[in-house]
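Here are a few notes to read alongside the model.

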Amino acid sequence: MRLAFLHSSLFRSRLPSHRLPLLRMASSYDGPWTARKVREEFFNYFRSKNHTFVPSSSTVPYDDPTLLFANAGMNQYKSIFLGTVDPNSERGKLKRAFNSQKCIRAGGKHNDLEDVGKDSYHHTFFEMLGNWSFGDYFKKEAIEFSWDLLTNVYGLPKDRLYVTYYAGDPQNGIPTDEEAKKHWLNQGISPDHVIASKGNFWEMGATGPCGPCSEIHFDRIGGRNAAHLVDGDDPNVLEIWNNVFIQFNRDDDGSLKPLPSKHVDTGMGFERLVSVLQNKLSNYDTDVFHPIFTRIQELTGARPYTGNFGNDDVDGIDTAYRIVADHVRTLSFALSDGGVPNNVGRGYVLRRILRRGSRYVRKKFGAPIGSFFSSLMPIVVETMGDVFPELTKKQGDIKEILDEEEESFSRTLDRGEKLFDQYATRAKEVGTKELNGADVWRLYDTYGFPVDLTRLMAEELGLGINEKEFEDAQEQSKLASKGSFKKDKADVVKLDVHDLAALEKNNAIPKTDDSFKFQLGNITATVKGIYYHKEFISSSSGIPEGANFGVLLDRTSFYAEAGGQEYDTGNIVIDGATDFEVTNVQVYNGYVLHTGSLKYGQLSTGDEVISSYDELRRWPLRSNHTATHILNFCLREVLGDHIDQKGSLVAPTKLRFDFSHKAQISLPELAKIESMSIDWIKKNVKVYGKDLDLTTAHKIAGLRAVFGEAYPDPVRVVVLGYDVDEVANDIDNPKWRSTSVEFCGGTHVVKTGDIKDFVITEESGIAKGIRRIVAVTGQEAHEASRVANSLKVRLEQLESTEGKEKDGGLKALSVELGQADISVLLKAELKDRLATVRKAFDKQIKEKENAMNKAAVNALVTFFEEKPDSEVYFAILEVGGNAKILQNVVMQGKKLGKAVYVFSVDAEGGKVAHANYVSESVRSRGLDARTWASKVSDILGGKAGGKEDGVQGVGVNVNHVEEALRVARETFSSKYN
């Protein structure tokens, strides 16, 4: 029985790469079945069958924490299959659907990354053509559609198609799917092409919706009976379509129960179908990939793609073509859907993919990296942007992210490969077939080589990796990191006045040249001093393992914390010998102290090292610092010249700006400030920075400086849109007031467009006359906008719900909205809208309650008007378990001097409210309200409490309310009669 996400069988490895036949690529395809036409005909067919086109869901499933990436077409319909969809929503009204789903299978449970390039059919990104029925048609129609499309529209030879149906599982009580078999035979398929399969059963998880599936396989060769090769390891008999019939629900005890609504869920691998229709033996030989291959050749000057695999691909160029083409598709789609490469989860998968591809570009194609993938990405947009328009909307963002990541890796790639070569040579010299695991961890930890990339490089040389040593080194590094984090707080390394006095007298340790912080990239430097336990020493050899200490260099590329901007982190490295992890950088009277600990190796004064700051952390710091200058300028423009900076923080994830202003900033003013800031970003003006003498600089018209701050002389001046030399040559020109001019020693973007976006997430007062604004830029701003939009959609969905679902949803959304880091403007708008919905809902509930209360009380009054001699009133009230209404009914009975027992079921809450009253005349006959309720509680469960004349309770057995009513009547009768 297959327990997996839908259609995983479409992409199973069926044959090791060394067993693939030699495949040579023909010229570009010019036949009738272009990839574009294949997709269009699928769409046209299901439109003609009254299916609704539902755009592909994002490859980044923000709302499904169980997935790294969308890996099947069914993911966006989970709520329908699970029965949790809002029936009033558009999704809830859907009966028939079709689309081409963007899928990524890399990382996590479904991971094809390491197989890409080795064979003809693995991809990390692929399209899944699919059609769905939600409680509408079932097996008969689904099978007819599949056969009709494949044979009559696409024209595939019927004698080369084979189908499977579920063979059943007698031990678990699951019958053979005779219904599917019958419908296939009704299509006229030869019986020996209809094959029972024990693997044809699909489940969403250990419990939940499930059912048999039916696969369609195609024999590329033909002229034979290939039934025995179906579901085998022959790449020429391949599965192209899977029909899943969701008809059962698996309970916690493992039993299967028929679903009230049965669904159809199908998936057909687009790239595989195209290869069949174009009569190609490899997915990579089709016009899905040919335009990308052509562009790769244009960018690199490499030989043409020839379609070789394994040992036949002697120079590895064909493998590189496949990997790079696959990876640019994955990256383009993931980034257009909001994915961002980083060190965590799906972000790290994307970083691995980019670095793996970059290494092939440099190593196999011999091309420079830094902007290669962003140069290749437009061909993906050109060939697929019409079907997936989100690609066209974010080209600029995708390019910038790709370039940042690629440029960062380019700095360590060559150094890491040299080190890898040393490790590989050492392994061969000692006669081992494995790389030392600690060395593999070092390549990852210091040089950013994902372990799967190192494994791939090792395989190329016939080597493996000692996985146990790798895991041990990884675990040791984690433990050391935890230890150093604790030490950082307790053992901060600082230079005091005595240390500085000693340095001033020490000619061997000069003040640090930190001008390189304004440039990109690593630099070489020389260790001038090592500072540990209040002493300057010549070597780290006597320092305990993992201990924090300081390093002074003659020059550095690191930014030391200053002007509100956080310090850089990174590494001071001697390739292959030493890695000093820098966790803090401070400057003391011109001496830049790099604080951290050794990962491995030793440092001594005089060592030549590489100063390597973390560029990926520096990038958002630059954006946030320039954005702070823009914000400062816009505040003055909107609120007035009285705005003075009172403090700031420039961090990688946000910026914070404190300033003088007496009143809270109104929402219209905030909107104007944010809009004006975004306009500056859109202008994409250049950012200039240069040192000027302090006296001259102070005279610049429109200059912004922090009151009371002691600035150096010369001082660095940062100007938006105008060259500093131009400003210096015309100091008094009033036009400088129209832009931002500040004294600043921080790092900045090259042009304002690099900031990408700007969102104000907080405005508050922190002291009398001091206001604070917090804002985010770039990817953090995009994420804030995405979260805001998702909250807006949630609110729209809640507006169409009712009852307790709406009440609970509004309460949860109110809490989530209050905690969300989103635009203050959107938050205010959503809070107002939520309050309006809440008010209307509360009014509706109150009116409904009043109506139900009135009806319930009137029913009792009417009963006794019609039967004045009756002493008791029984009823099951349709008031949703509202105990307050039950009490009002009981009170009305009390006023009339009549006994009462009323019930009400809360179906959603799984509870039964009940209440009684025993009149004085009935009590005189021996009926106690507590005894009466006790009899009822024996049936309903739960608890009840009160006095002899009246009790209220809550039961849990909602299906036994009629029995409880019967027992209440019998108990009353036994006493009263």
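1. Start with the charges over rings: the charged end of Lys683 lies over the ring of Trp680, 4.0 Å from the ring centre. Arg716 has its charged end over the ring of Phe518, with 3.7 Å to the centre. The term applies when NZ of Lys or CZ of Arg is within 6 Å of the ring centre and within 35 degrees of the ring normal.

2. A word on where this comes from: the model is predicted, so to speak of local features pLDDT must be at least 70, side-chain atom pairs count only at pLDDT 80 or more, and totals for chains, interfaces and linings use all residues. Residues are numbered from 1 along each chain as its sequence is written, and side-chain values use heavy atoms, with hydrogens and water left out.

3. On to ring against ring, where the structure holds 43 aromatic pairs. Phe863 and Phe864 are an edge-to-face pair, because their ring centres are 5.1 Å apart and their planes stand at 80 degrees. Rings of Phe, Tyr and Trp (its six-membered ring) pair if their centres lie within 6.5 Å; planes under 30 degrees apart count as stacked, over 60 as edge-to-face and the rest as tilted. Elsewhere, one aromatic cluster is formed by Phe42, Tyr45, Phe46, Tyr137, Phe145 and Trp241.

4. Buried means under 20% relative accessible area, exposed over 50%, and partly exposed in between (1.4 Å probe, protein chains only). Of the 977 residues of the protein, 53% count as buried.

5. Please look at His123 too, in the loop between β2 (96-104) and β3 (125-134). His123 is buried, with a relative accessible area of 0%. Its side chain makes a polar contact with the side chain of Tyr284 at 3.1 Å, and a polar atom of that His123 side chain lies 3.4 Å from the backbone oxygen of Tyr121. A polar contact is a pair of N or O atoms within 3.5 Å; within protein, one must be able to donate a hydrogen and the other to accept it, and residues adjacent in sequence count only if both atoms are side-chain atoms. Leaving aside neighbours within four places in sequence, the residues in contact (heavy atoms within 4.5 Å) with His123 include Arg105, Asp112, Glu271 and Asp326.

6. Next, an open sheet: five strands in the order β27-β28-β29-β31-β30, with mixed pairing. Its edge strands, β27 (872-876) and β30 (943-947), each pair on one side only. Strands here are DSSP runs (E, at least two residues), as are helices (H or I, at least four), numbered from the N terminus; two strands pair if DSSP finds at least two bridges between them. Within the sheet, β28 (residues 899-906) and β29 (residues 911-917) pair in the antiparallel sense over seven bridges, and Asp906 has Lys911 in β29 as its bridge partner.

7. Phe758 stands opposite Thr777 in β26. Two residues lie between the strands, and Gly769 in the turn has a positive phi of about 75 degrees.
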